[in-house]
Amino acid sequence: MKNSMTRLLCGAAVLAAFAAGFIIPMQNANAVNAAVSVTGNLNIPLVVSSTTPIAFGTIIMIPAGDTVTVNASTGAITGLAATTFAGTASNGTIVLAGQGNASVSFTDPATIDVAVTGGSYHIQNFVVNGGDTQSLSAGGALTVKVGADLAYDASISSGGVISSTATFTVAYN
Amino acid sequence: MRRIGILIVAMIALGGPFAWVAPVKAQPVIDSTSSMNFGRIIMDTASGDTLTLNPSTGQLTAAGSSALSGVTSAGNISISGTPNQSLSILPPSDTPISFSGGNATLKNFTLTGGMTQSLNGGGTLSLGVGCDLQYDAHITQGGPINQSISFIIDYN
């Protein structure tokens with residue numbers, strides 16, 4: 001019995017030695033891993049879902065000319081001089097949809113010059129409430145209010161209806 | 001006891017050589033790596049697309065109509081080891097990235113010079129790394145890409 005056990009153990013030891021001899025050389029001990037990171041941003045397109053206009057209401061001009069401002073945040077209209085106002089003024093709205101949490105930048109429109117009888121007026125100094133760099137929400141939404149100045153010349157002899165289009169450009173940073 | 005002694009001697013005599021015949025070679029050393037950067041990809045969510053990052057130039061090109069911006073760069077692997085020794089390189093398998101509404105996949109990994117190369121006489125090798133990024137149509141929200149992939153490098 002003792003002999004049989006000894007033989008069995010020795011046989012197992014021999015088999016283990018063979019196994020070790022075969023297995024160890026088969027391991028690819030010389031291979032190394034080179035880890036490379038991959039970075040970037042994969043974004044859905046930025047879309048302007050809707051806009052509402054900047055409304056100046058009715059501006060009763062004064063002979064000296066003036067600059068009036070629609071506040072981007074509140075929509076209130078004010079003049080530097082004694083211009084009076086009627087009707088309803090309001091700030092504009094831009095509604096965006098895009099990549100959640102993405103940062104975007106607005107480029108404001110250039111001055112729009114409109115000629116009228118005896119002079120011209122200028123829509124200028126466009127403002128995005130909250131600044132020209134903002135972030136979309138986690139859900140990918142952003143609504144901003146916009147305002148602008150309207151400067152009119154002293155020499156205007158006849159006014160008219162204001163109807164212009166100003167284009168803000170917005171892009172991912 | 002004598003039999004046990006004989007068997008142990010036999011075990012060493014038979015088992016030992018298998019272990020000793022295994023070639024003793026130093027490993028190649030990865031001195032440094034730098035990342036692949038795809039910059040910013042504005043997806044064509046209607047059709048999906050495949051972008052290819054060139055391992056040599058780092059230039060990103062689109063097979064379809066994705067809009068590309070930002071800085072892109074190829075990755076790099078710098079290796080040192082036995083001078084003039086040839087190497088085999090096993091690229092990573094396809095690596096999926098999940099987004100809302102669909103997936104993107106990093107695939108078709110490439111190296112400047114291919115997957116079999118040799119260290120130079122000074123025992124160094126620098127490899128540019130590129131790959132494809134394929135994304136599905138109808139992804140509703142993307143996000144940052146931040147993955148790690150591994151090449152396996154071994155002496156031939």
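Reply: We begin with pairing: two strands pair if DSSP finds at least two bridges between them. Helices (H or I, at least four residues) and strands (E, at least two) are DSSP runs, numbered from the N terminus. This is a predicted model, in which local features need pLDDT of at least 70 and side-chain atom pairs count only at pLDDT 80 or more, while totals for chains, interfaces and linings use all residues; side-chain values use heavy atoms, with hydrogens and water left out. Residues are numbered from 1 along each chain as its sequence is written, and chains are lettered from A and ligands numbered from 1 in the order in which they are written.

Me: Which residue of β11(B) does B:I79 stand opposite?

Reply: B:I79 stands opposite B:L125 in β11(B). Strand β6 (residues 75–80) of chain B pairs with β11(B) in the antiparallel sense, over 6 bridges.

Me: Which other strands pair with β11(B)?

Reply: Strand β9 (residues 102–111) of chain B pairs with β11(B) over 6 bridges, in the antiparallel sense, and B:A104 has B:Y135 as its bridge partner there. Strand β3(B) is joined to β11 (residues 124–135) by 5 bridges, and these two strands also run antiparallel. Here B:L51 stands opposite B:L133, and B:T52 has B:D132 as its bridge partner.

Me: How should I read burial, and how many residues of β11(B) are buried?

Reply: Buried means under 20% relative accessible area, exposed means over 50%, and partly exposed lies in between (1.4 Å probe, protein chains only). In β11(B), 9 of the 12 residues are buried, so this strand is largely enclosed by the rest of the structure.

Me: What does one expect of the side chains along a strand?

Reply: In a regular strand the side chains alternate between the two faces of the sheet.

Me: Which residue in β4(B) is the bridge partner of B:L53?

Reply: The partner of B:L53 is B:L60. Strand β4 (residues 60–62) of chain B runs antiparallel to β3(B), and 3 bridges join them. The hairpin of these strands has 6 residues between them, where B:G58 takes a positive phi near 80°.

Me: Where is A:N125, which has a positive phi although it is not a glycine?

Reply: A:N125 lies in strand β10 (residues 119–128) of chain A, with a phi of about 50°. At 48% relative accessibility, A:N125 counts as partly exposed. A polar contact of 2.9 Å joins the side chains of A:N125 and A:D149. A polar contact is a pair of N or O atoms within 3.5 Å; within protein, one must be able to donate a hydrogen and the other to accept it, and residues adjacent in sequence count only if both atoms are side-chain atoms.

Me: Is A:D149 buried or exposed?

Reply: A:D149, in strand β12 (residues 141–152) of chain A, is buried yet has no salt bridge. A salt bridge is a side-chain nitrogen of Lys or Arg within 4 Å of a carboxyl oxygen of Asp or Glu. Lys and Arg count as positive and Asp and Glu as negative, while His and the chain ends are not counted. The nearest side chain of opposite charge to A:D149 is A:K145, 18 Å away. Leaving aside residues up to four places away in sequence, A:D149 touches several residues, including A:F56, A:V68, A:H122 and A:I123. Contact means heavy atoms within 4.5 Å.

Me: How many helices and strands does chain A have?

Reply: Chain A has 1 helix and 13 strands, and 36% of its 173 residues are buried. Chain B has 1 helix and 12 strands, and 39% of its 156 residues count as buried.
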